Amino acid sequence: LQADAIIGQIMEKLGKKGYLRDYVGAFTADHGQMLGEDGRFGHGRFVTEDILRVPLLFFGSKPLPSFPDTNFATLWDVAPTLVDLAGLDIPSSWQGQSLLRKRTKFWSYHLSPSAREGNRGAVVYYDQGRILKYSRLLAAEGNQPRLEQVFDLASDPEEKNDLIKGFDRVILKQMRSQADEHFVVY
């Protein structure tokens with residue numbers, strides 16, 4: 001109810017300023033929040049569904065076209081989608097892609113770049129309905145193991161069944177390679 005009330009206030013102010021004649025927009029969040037799930041509180045250190053799954057609402061002055069694949073998106077996809085809805089060209093340097101088009105980028109990367117002990121990073125691979133998530137500690141102390149995990153988020157969104165043992169070694173090697181390339185901590 002509070003979100004609805006605030007969104008109503010925002011839309012009212014935008015309307016009074018004349019910004020709602022011909023527009024597209026989005027409401028979203030930058031991350032989720034752990035509120036005691038699995039004994040965890042906060043954000044920034046975790047890469048669970050509670051943190052990665054955020055609300056996303058596109059709206060506009062005209063009916064929006066259909067979104068062909070809403071099973072998987074990242075926050076990187078918001079700006080390209082808004083630019084596409086506005087009828088403009090999407091810069092090729094952007095990492096995301098428009099949700100109005102068939103997915104061509106199948107990897108996404110999720111982490112806090114802080115080297116704080118215990119922080120985890122995740123690589124998510126999405127293709128043909130499969131959503132596979134590989135995660136590990138960003139920085140391990142000494143001989144500490146990486147604590148790698150693999151989950152199939154399509155069939156196990158609560159991440160109860162770690163598939164790392166016996167997981168397809170070819171896909172696991174690709175996931176590790178993607179993580180090695182994209183997990184940068186400071």
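**Close-up 1. A salt bridge joins D22 and K62.** The side chains of D22 and K62 meet in a salt bridge, with 3.2 Å from N to O. D22 sits in the loop between α1 (2-16) and β1 (24-28). K62 sits in the loop between β4 (56-60) and α3 (78-85). The pair therefore ties together parts that are 40 residues apart in sequence. Both residues, D22 and K62, are exposed. The model is predicted. The salt-bridge count comes to seven.

**Close-up 2. D77 pairs with R103.** This salt bridge brings the closest N and O atoms of D77 and R103 to 2.9 Å apart. D77 belongs to the loop between β4 and α3, and R103 to the loop between α3 and β5, so the contact ties together parts that are 26 residues apart in sequence. Are these two residues buried or exposed? D77 has a relative accessible area of 2%, so D77 is buried. R103, at 10% relative accessibility, also counts as buried.

Close-up 3. D180 counts as partly exposed, at 47% relative accessibility. R136 is buried, with a relative accessible area of 6%.

Close-up 4. Helix α4 covers residues 169-182, which makes 14 residues. At 1.5 Å a residue, the helix should span 20 Å. Its end C-alpha atoms are 20 Å apart, which agrees. Buried in α4 are I171, L172, M175, Q178 and A179. Seen down the axis of α4, these buried residues fall within an arc of 120°, so they line one face of the helix. An α-helix has 3.6 residues a turn, so residues three or four places apart point the same way. The face of α4 turned away from the buried side carries the exposed residues R169, V170, K173 and E181. What covers the buried residues includes β5 (107-111), β6 (120-127), β7 (130-137) and β8 (149-152). At the start of α4, a side-chain oxygen of D168 comes to within 2.8 Å of the backbone nitrogen of V170.

**Close-up 5. The largest nonpolar core has 13 residues.** Which members touch the most other members? They are Y134, V150, F167, L172 and M175. Helix α4 gives the most, with four residues. Beyond its neighbours within four places in sequence, V150 is in contact with K133, Y134, N161, D162, L163, I164, F167 and L172. A second, separate core has six residues, among them F72, Y126, I131 and L153.

**Close-up 6. E159 is a buried loop residue.** E159 is found in the loop between β8 and α4. At 14% relative accessibility, E159 falls under the 20% cut-off, so E159 counts as buried. What does the side chain of E159 join in a polar contact? The partner is the side chain of K133, at 2.8 Å. Leaving aside neighbours within four places in sequence, E159 is in contact with V47, T48, E49, K133, F151 and L153. K133 is also in contact with V150.

Definitions and conventions:
Residues numbered from 1 in each chain as written. Predicted model: local features only at pLDDT ≥ 70, side-chain atom pairs only at ≥ 80, totals over all residues. Heavy atoms only, no water. Helix = DSSP H or I, 4+ residues; strand = E, 2+ residues; numbered from the N terminus. Expected span 1.5 Å × (residues − 1). Buried < 20%, exposed > 50% of the residue type's maximum accessible area, 1.4 Å probe, protein only. Arc of directions from axis to C-beta. Contact = heavy atoms within 4.5 Å. Polar contact = N/O pair within 3.5 Å; in protein donor to acceptor, adjacent residues only side chain to side chain. Core = buried A, V, L, I, M, F, W, Y, C linked by side-chain atoms within 4.5 Å. Salt bridge = Lys/Arg side-chain N within 4 Å of Asp/Glu carboxyl O.
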